[in-house]
Amino acid sequence: MELLPTFNQLMRHKTACLLLVLEIALSCAIICNAVFIISNRVDELRLQSGVVDDELVYLSTSSLLPDVNYDALRLQDVRALAALPGVKAAASVNQIPYGGNVWGSDVRLQADQNRPTAHASIYMDDGNLLQTYGLQVAEGRSFLPDEYIDNSAFDPNKIGPTVPSVLLARSLAQRLFPGESAIGKRVYIWGEAQPPSTVVGVVKDLMAPGDSGTFANRFDSVIFPIRVSNGAYALRTTPDQRQQVLKAAVAALNQQDPNRIIEEQATLEQMRKDFHRRDRSVIWLLLAVSAALLAVTAFGIMGLASFWVQQRTRQIGIRRALGATRTHILRHFQLENLLLSSAGVVLGLLLAYALNMLLMGRYELPRLPLGYLPVAAVLLLLLGQLAVLGPARRAAAVPPAVATRAA
């Protein structure tokens, strides 16, 4: 068997072998975690918000006047925006997927519950939110007209107007009431001063704003029948009319109140691109790093194999003269590389797990699934075999006579 002689041959070059093993190990550890991070970022890019991304435009404004009746201004603004040509629906909103505002609250099932059951994103519905966002009630009903209240009249820390009903996103409903219907159930959200609210409906997926670390589940969302007057508006139109509607909306808002600032105006599609810009940058950076590591590892294997072929020219010639075939020579160099690559991969898998634990502690990265480890191991083993193939074939092609003279 060639395994023991091959191992003994490698032990004559301990330093070179050790350096190559460490190079493969570091590449394995970094590539494992890089591919895992890339996979997570790609999953983020593929998430659907649950709203009609390609039909929405968003505007955020603020008034310069100190004594503005914001509730009255909201009514005027929504009425003017809904009347614009091409607008299907318009709503005064507190937040929007991919936006900068993030409203959230703990959700409890019992009034005296110490730890919340969930932490959810809060959407406020002025009566037009479902139609504007394109949300569908999958179970139960939407809000009734007499259930709406103004945010200016509501104080969650005082006894007064209460929130009688709420809508839950499907994922939150399943989390709070697994295996049963959420309709008719009661939830505590606003603290001890407020009575519970009754779940009257469940909508399909609705993504929360903020990054993946803001909420345990990106789709844990609650909708309240509360009309907010904070100067933020969402308009639904057709994809081809978004820019025209956005321009007309700015003009309409300035006409309603010339003393205001348009702080933000964009299509939701553009907001999504901006929101994921860092994800895309990370993906390309890690792809470049992984490709560079693979290239460096491959060139390192090729260089060491080529060096050994030059050093062993006489030895190869003698083996050929004694009857060794080209296949024997080729297999010998491939076996050497397999031993070194295997040692590097085993060490690299341990380093990959240790690196993942470090990233989990410092950057809240999820645990590295075990399935990534064999994939990286096979990839590096194949890379090693391909990288050594060229030098090994050159060694196998040397005629015995030429090899002997070369000594």
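Predicted model: local features only at pLDDT ≥ 70, side-chain atom pairs only at ≥ 80, totals over all residues.

The protein has 12 helices and 13 strands. Of its 407 residues, 44% count as buried. The exposed surface comes to about 20400 Å², and carbon and sulfur atoms supply 58% of it. Among contacts with a separation of 6 or more, 81% are accounted for by residues 24 or more positions apart.

Side chains of opposite charge can pair when their charged atoms come close.

In one of them, D279 pairs with R41, with the closest N and O atoms 2.4 Å apart. D279 belongs to helix α8 and R41 to helix α2, so this pair ties together parts that are 238 residues apart in sequence. D279 counts as buried, at 8% relative accessibility, whereas R41 is partly exposed, at 24%.

R74 forms a salt bridge with D150, at 3.4 Å between the closest N and O atoms. Because R74 lies in helix α3 and D150 in strand β6, parts 76 residues apart in sequence are tied together. R74 is buried; D150 is partly exposed.

E55 forms a salt bridge with K88, and shared partners join E55, K88 and R236 into one network.

Finally, consider helix α11, residues 372-396, which reaches 35 Å from its first C-alpha to its last. Where does the kink in α11 lie? A kink of about 40° lies at L389, shortly before the proline P391. The buried residues of α11 include L383, G384, A387, V388 and P391.

How values were computed
Residues numbered from 1 in each chain as written. Heavy atoms only, no water. Helix = DSSP H or I, 4+ residues; strand = E, 2+ residues; numbered from the N terminus. Expected span 1.5 Å × (residues − 1). Bend = angle between axes of the 7 residues up to and from the residue. Buried < 20%, exposed > 50% of the residue type's maximum accessible area, 1.4 Å probe, protein only. Contact = heavy atoms within 4.5 Å. Areas by Shrake-Rupley, 256 points an atom, 1.4 Å probe, with all protein chains shown as cover. Salt bridge = Lys/Arg side-chain N within 4 Å of Asp/Glu carboxyl O.
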